[in-house]
Amino acid sequence: MNLAATVPDEAWNPVALPSLRVEGVTVVYPNGNVALREASFSLGAGTIAGLVGVNGSGKSTLFKSIMGFVRPSAGRVEISGMSVQQALKQNIIAYVPQAEEVDWNFPVLVEDVVMMGRQGHMGFFRMPSARDRALVDTALERVGMTEYRKRQIGELSGGQKKRVFLARALAQEGRIILLDEPFTGVDVKTETAIIELMRELRASGHLMLVSTHNLGSVPDFCDQVVLVNRTVLAAGPTADVFTQDNLEKAFGGVLRHFHLGGSDLHDDGDARRVTVLTDDERPVVFYGEHNTSRPASPTPREEK
Amino acid sequence: MPDLLAPFAYDYMVKAIWVSALVGAVCAFLSAYLMLKGWSLIGDALGHAVVPGVAGAYMLGLPYAVGAFFAGGLAAAAMVLVRQRTRLREDAVIGIVFTSFFALGLFMVSLNPTAVDVQSIVLGNILGISDADVVQVMIISLVSLAVLLAKWKDLMLVFFDENHARTVGLNPRALQILFFALLAACTVAALQTVGSILVIAMVVTPGATAYLLTDRFQVLLVLAVLLGAVTAALGAYVSFFLDGATGGIIVTLQTALFLLAFFFAPKHGRFAARRRALATREAN
Ligand SMILES: Nc1ncnc2c1ncn2[C@@H]1O[C@H](COP(=O)(O)OP(=O)(O)OP(=O)(O)O)[C@@H](O)[C@H]1O
Ligand SMILES: [Mg+2]
């Protein structure tokens, strides 16, 4: 890979090649609940990493510790060689929240929310510059929300709401973007648009960590996968990590899954079988002889 | 017909009018944030919780603002502590803390009835405000306004999306503490104008009214501050003719404007909603 080509030509660019290292992170909530135990993984620039695990496995907790919202009781998070606090001061991390976390009745317009992405770049009195306004316009354009810019945020559909917060992350020019379940409640069109945008960002060297229950799409757009269940079970390239064995380990039987094989599937003695695993959204399909077989990907998402 | 300019011939009236306007403006500024978070009751709690501080300050001969601020801070800390250590709901915690502070205040006043004019704390007495108190109220209000003008956008971010605020390098905890310190200070300032019972109206109603009139936070702030300042000044002015309690008149005016907005606001008012419902029914 030609690294020079992945460096965006932006005027403001604190770290051309962002990286994220989570090292032995243990998080204990005040009530004694150990949400994560010695979680470790690391990711580099130009990556879309899927964060996959059951409800309560610690995905949001992991995000919170990367943003310094919860302090790990052991281990450390390192962002491009810096501590979390330093990285936050430089606006390196952008966060796209889960829809339930947002107060949709708050009196702000779409463009106001996107402008909030610029706030860390503004001076003492927080007056937006011409560049701030231009970046807001571009961000709205890129997510296709320009015509809704004067709407109050509660007056949007679920998919449009997601796009607004994506635009805010773009305007912020964060090099590491954390997305907490961006696909819940969006249709295939918006999902495709979001994935397309993430691919563009990957091409310009961004690092994205995306939590999702949408297993079927993971092999489709993630080049790395982090499997969690109260710790990091496995992390690495999708092809190595996103296997049937690992998924069954991570989901411990809570996945809906069924096999189709033998005489149900083949007329001859073909040992290969189809396995469908689903965490309630788009299922992942495996085809092969063993549990170690690769997912039957890319999923034919273009078919209408 | 009464002489409409008569109040301006009296020094104490002129003073009352502009001090009220100033206090009304700062309280309204804070109200824009408070009502969005569902924290309105905290304003009420602080208004009552400062009473023992004022009583204590009078007894010790300290400026009343010092005592009030101390008691307000203590009450806020007590609320946070009880909230963290128990599973009680917020409203229960607030109710327990502020009534116990208020009771303590009344008890202190009853021990030493001559030192404190309890009525001026509970009901306010802007028409009889002393020059020393004017100075205190002015310092509190002007400092608070200056801080708010510099920090209003950061506070908005913290109130809207704490996580995002963190990612742009802000310190949400510090900004929240700053906000509650300002709230406690302004509650103290408002004691003189409307009294502890009606402080809640000053830090809720203007924001709530403005919320019905706009979908933009910066517009909401401007509207709230205007509403707060004008109603407070007008209330003080009118109380000259009615010989009534200034606080009662100010809050009545604010409520009247709230009701107007509630029914006639162009987008969020009841009638607008009704018109839209009718229009869609006819269209179908
Ligand atoms: N504030 C908290 N106090 C105590 N325990 C918590 C707190 N927040 C989360 N937990 C616990 O920590 C564990 C991990 O929670 P987390 O929110 O990280 O899960 P998640 O993987 O994001 O789940 P989901 O898929 O449902 O979003 C859960 O068992 C949860 O009950
Ligand atoms: Mg979660």
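Read along the sequence, chain B follows the pattern α-α-α-α-α-α-α-α-α-α-α-α-α-α. The secondary structure of this chain comprises 14 helices and zero strands. Helices (H or I, at least four residues) and strands (E, at least two) are DSSP runs, numbered from the N terminus. The model is predicted: local features need pLDDT of at least 70, side-chain atom pairs count only at pLDDT 80 or more, and totals for chains, interfaces and linings use all residues. Residues are numbered from 1 along each chain as its sequence is written, chains are lettered from A and ligands numbered from 1 in the order in which they are written, and side-chain values use heavy atoms, with hydrogens and water left out.

The C-alpha trace of chain B spans about 70 × 60 × 35 Å along its principal axes. Of the 284 residues of chain B, 52% count as buried. Buried means under 20% relative accessible area, exposed over 50%, and partly exposed in between (1.4 Å probe, protein chains only). Among contacts in chain B between residues at least 6 apart in sequence, 72% join residues at least 24 apart. A contact requires heavy atoms within 4.5 Å.

Helix 12 of chain B covers residues 217-242. This helix has 26 residues and reaches 36 Å from its first C-alpha to its last, close to the expected 38 Å. The expected span is 1.5 Å times one less than the number of residues. Just after helix 12, D243(B) adopts a positive phi of about 60 degrees.

D44(B) lies in helix 2 (residues 40-49) of chain B. Its relative accessible area is 13%, so D44(B) is buried. Residues up to four places away in sequence aside, D44(B) touches F98(B), I197(B) and I200(B).

In chain A, two non-glycine residues were examined for positive phi. N91(A) has a phi near 60 degrees. This residue sits in the loop between helix 3 (84-89) and strand 5 (93-96) of chain A. At 2% relative accessibility, N91(A) is buried. E181(A) has a phi near 45 degrees, also positive in a residue other than glycine. E181(A) occupies the loop between strand 6 (176-180) and helix 7 (188-203) of chain A. With a relative accessible area of 12%, E181(A) counts as buried.
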